[in-house]
Amino acid sequence: MLDRRQWLLGAGAATGLAGLPRIAFAAAETDRRLVVVMLRGAMDGLSAAPPFGDPDYESARTGLAIARPGAAGGALPLDATFGLNPALERVAARYAAKEVIVFHAIASPYRDRSHFDGQNLLENGSTTPYGLADGWLNRALAGLPGSSVAGRPELGIALAPAMPLMLRGPAPVTSWSPSVLPGPSADFVARASRLYAATDPRLAGALSAAAEANGAAGGMGAPGAGGDAFVTLMSAAAKFLSAPNGPCVAMVDSTGWDTHANQVGPYNVLTRNLMALDQGLDALAVGLGPLWSRTAVLVMSEFGRTVAMNGTAGSDHGTASAAFLLGGAVAGGRVLADWPGLKPANLFAGRDLRPTSDLRSAMKAALRDHLGADPAHIDRVVFPGSGEAKSFDGLFRQA
Amino acid sequence: MSLDQAAIAANRFGLGARPGELKTIAGDPRGWLKAQLQPEASPPPPLQALPTTAAAAGEFVKWLVALGLTGRQGDLAKLYQNRDRPGDASGGQMAAAPTDGGGQPLSVEQSYVKYFSPGYADGVEARFLTATTSQRPFFDRLSRFWANHFTISAAKPEIIALAPLFERDVVRPHVCGRFEDMLLASCRHPGMLMYLDNYLSIGPNSPLAHHPEYLPAFLRDRMKGLNENLGRELLELHTLGVRSGYTQADVTTLAKIITGWSIYGPGQTPPNGDVFHYIDFAHEPGPQTLLGKTYPAAGEAQGRSALKDLAHHPATATHLATKLARHFIADDPPPAAVARIAAAYTASGGDLAATAAAIVDSPEAWAAPKVKLKTPDDYLVSTVRALDGPPLKGFQLIALLDRMGQRPFWAPGPDGWPDIQDGWIGADAIWKRLEWASRLSQDRAAADVDPLTIAQSALGPELSPATASAIRAADSPAQGLALFLVSADFQRR
C-alpha cells in the first residue's frame, strides 16, 4: 500500500535524490553561488519581520501583531524596531552571526494585487506583467563573464517540475524535482475544501473524509506536506550547487503564503510556512558546507499583505513586504528599511505597507556584487527600464 | 451562437473542450454532435497500430506453451489464485523487472506480467490518445459507452491481450450502425467468448458430450457440459436487462442455443483471420424455446436468430435507453428522456445513430445542473484536452487510473464500470484526483500560464463564479490551475 502522500508517477519512480542530472567532473570551485527563493502567495512581511518598535504596529495590526520580544510567542529582536517571527529561529541565529540582511517595506514595481501578474512581473524583470517572455535570472546568467561559467553544462537549476519563468531564457538551465513528491499542499487542500463547501456537498464530504484519513486535516492543523517539500528541495539545491561543475544559481519555490485566513493561533498556516522556510534555509546552509561562505540566498515574495486583519483572522493582498538576503557571503546583521510607518495616513492606498525600496535594487546587487555580472548588462538587459531602482551597495563581504 | 449549449455539447456529450473548441461548436451545438453520428472509415491511427484480434487471441496459448504449462492444471491453478492482480500492474514495473536479478526462474505470475504488460500498456495508451485527440468526441464517448455495456475485463488473465481490441473491433464499427450487429459481433469475439466462458460450453446432448475422447486431454475436465455464463449476461446485461421477465429456463435455453460458439485453437488457422469458430459437434441439437418463441434446429443460425430477436425486444429498447440516459443525462435518468430514446431505438429498428440522435434531441440533456461525475478515465482525458497535453504514457496511465479506481480494461465484472457517482466519489479516489491535479499543475503551470483563461476555454459559461474566484484568489498559477481541475465545475458534466 502506497502512502497517500507519495506520488508515484510512471515506471521506476525513484525516491530521494536519485536521478540527479549527469554532471561532469572538473576543476575545483572558486566562485559564488546564488539561490533565489520565491515565496508564492504574498508573504506577510509584517508578521515575518514584525516592526514591534513602531508605536502604531499593535493598533494597526490588532489581532495579527506578533507580541513584543520577551512576551510569550514574542518577536526575536533584531534591533530596537524590527524583529523576526519566532518561527524563524535559525534565521535569527544567523542574523546574530551577521549572515542575514532583512529588507523591509520593499516591493517590486508591481502595484496591483493579482498573484499571477505580480509573480510574472517579478520573474520577468520588466515593469509590466508579461512584459518579457523570459526571466531576469536567466538573462543575468547569459551575460556572466565566460570565466565564471566555463565548464558548466548548466548555469542554473530550478528545483521545480517545470521551468519557472524567472529562469527561462537563453542561458542553459535545468530543473529537477523529486520523482516522489509529497501530496497536495495543505493550503491547496484547504482551498479545494472551501470551494467544495460552496459548490458541491458530495465532493466536500469525500474530501473531508480523505483529509481526515490523511491527517492533513484540511490544512488547518497538522504540518503540511508543502513544508516538507520545501526542505527537501532546499537539501537538493545544496547537492546540485556543490557538485563539481554544477550550476551556480538555483531557484526554489515555496508556496502557500496566501494567508487570507488562519494566520494566527496555534498551528496557523503562516507559522507553519515560516518554520518550513527556517528549516529549509538551514538545510541549504548545512548541505552546502564550506560553500556556504560563498553563497547568498535571496528570499522574496510577489507582494505583501494588508496591514489590518480581515474578517477571517487573516490578511488580504497588499503591497510592500519584507525580504531576506542571507548566506556566508552576505555582510549581514542589519535591517535595511526606509520605514514608512503604519499610521493610516502613511499607508499605501490607505491599507498597505508603503513600499520605500525596490526588490530590483537587491537583485541587482546580488548579480553585480555577488555573481560579478556586468552592471551595464544588468541595467539594459536583465532589468530594462529599472533606472529608478539603483543597486544597493555593500551588501556583500569582500571576497 | 450559444456558448452555454456548446459547453454542454463538449463536456456532457463529449470528452471535454480543447482550447478554442467551444467557439467552434457554438454556432450549432446540436449539429456538431449529430454530424459525428457517421460510421468511421477506419479506426483512428493509434488503434490501427495495435495487433489484430486474431493475433492477440493466440497470445495466451502461446504464452502457456512457452512455459510448458498447457497440460499442467496445478500451474494453471496457481495462476488463477492471483487472477485479480497479476503482478504489480499498478506500479508500472511489470516490464522493467521481469527477473529477480539472480537468474532465478520466473514464477508463473512474473512470467505473465513480463509477457503481457507491454502490449497491455500499448493498448491503454492508444485508447487514451484516441480520446485526447479525438475530433469526434461524441462518437468516442458512445464507443466507450458501448464497450462498457459489453464489458470484457482483463481481470480474467486469458483475455488481457484481447481486452484493448474489443472496442476497436466490435464496438466502433457499429456505434453508428445497428445494435443487432454489435451484439452479434460481441458474441463472436474471442474476448467475450473467453471472458464469459462460452468457448468451452458444450451442449449436454451434443456429439462432443458423448465423445470426450475427441478433446485434447487437458480440455476434458474443462469441457464437460453447458456453461450459462454468456447466456445469462446476454439477457441480464447485454439485451433485456435484469428483472425484465425472463426466467432461469430462458437463461439455460439461450446458453444451449449458443453452444458451439467457440474459437479456433492453437495450431489452427482461422479462415479470413476470424477467430470465431462455430463447432457444430459441440452444439446442442434440436429446437429451443426462448421467451415463448421456438427456434428450430439450425446450427449457428439458431443463435443468430435468437440474438436478432433479443436485439429488437421492447425490454432491450428500454434497457439500453435507460443506460444511455443515465450515461449522458443523470444518474437517475429522467423517464421522459428514456421513453424518447427507447422510442427512437424501436422506430429505427435498433439503429444506434438514430438512438444517439434522440439523446441529443432530449431537452433534459441540455438542462443546466451538472450532475454526472466524470469517471477517472474521462477525467484524465478531459484534463489533457483542456490543457492541450501532455500526452500520457501507458504505464503512467495504468498507475494513475489504478489509483483512482479504474484500472484500464479491468472492470470488476461483466456489468462494467459504475455509471453513477457513488461508484467514483470515494474519499480516496477524490483525493487521488487532487494529487493528480496538484502534480499536473506544477508540471504545466509556469508563470505565463493563466489558469482562468484555461478554465474559461474549457468550461465557457459553466465556469461558476465560485470556481472563478477561487482560481483568481490562488497563490500561484499552478494552484489556480489545480483548483480548476479539481473544481466541481470540471469534475462534473
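The talk below takes a few labels in turn, for a model that is predicted.

Biologist: What makes helix α9 (residues 137-149) of chain B and helix α10 (residues 163-171) of chain B roughly perpendicular to each other?

Modeller: Their axes cross at roughly 110 degrees. Angles of 65 to 115 degrees count as roughly perpendicular, and therefore α9(B) and α10(B) get that label. The axes come within 10 Å.

Biologist: Which residues make the contact of α9(B) with α10(B)?

Modeller: From α9(B) they are B:S143, B:W146 and B:A147, and from α10(B) they are B:F166, B:E167 and B:V171. They divide into 4 nonpolar, 1 polar and 1 charged.

Biologist: Why is strand β1 (residues 33-39) of chain A called largely enclosed by the rest of the structure?

Modeller: A residue is buried if 20 or more other C-beta atoms lie within 10 Å of its own. In β1(A), 7 of the 7 residues are buried, so the strand is largely enclosed. Both faces are covered: A:R33, A:V35, A:V37 and A:L39 lie on one side, and A:L34, A:V36 and A:M38 on the other.

Biologist: How do you know that β1(A) pairs with strand β8 (residues 295-301) of chain A?

Modeller: Pairing needs at least two bridges, and β1(A) has 7 with β8(A), in the parallel sense. There, A:R33 stands opposite A:T295.

Biologist: What makes strand β7 (residues 249-254) of chain A a partner of β1(A)?

Modeller: The two pair over 6 bridges, again in the parallel sense, with A:L34 opposite A:V249.

Definitions and conventions. Residues numbered from 1 in each chain as written. Chains lettered and ligands numbered in written order. Predicted model: local features only at pLDDT ≥ 70, side-chain atom pairs only at ≥ 80, totals over all residues. Axes fitted to C-alpha atoms, helices over the stretch in contact; angles between N-to-C directions. Helix = DSSP H or I, 4+ residues; strand = E, 2+ residues; numbered from the N terminus. Parallel < 35°, antiparallel > 145°, perpendicular 65-115°, else oblique. Contact = placed C-beta atoms within 7 Å. Nonpolar A, V, L, I, M, F, W, Y, C, P; charged D, E, K, R; others polar. Buried ≥ 20, exposed ≤ 12 C-beta atoms within 10 Å, placed from the backbone.
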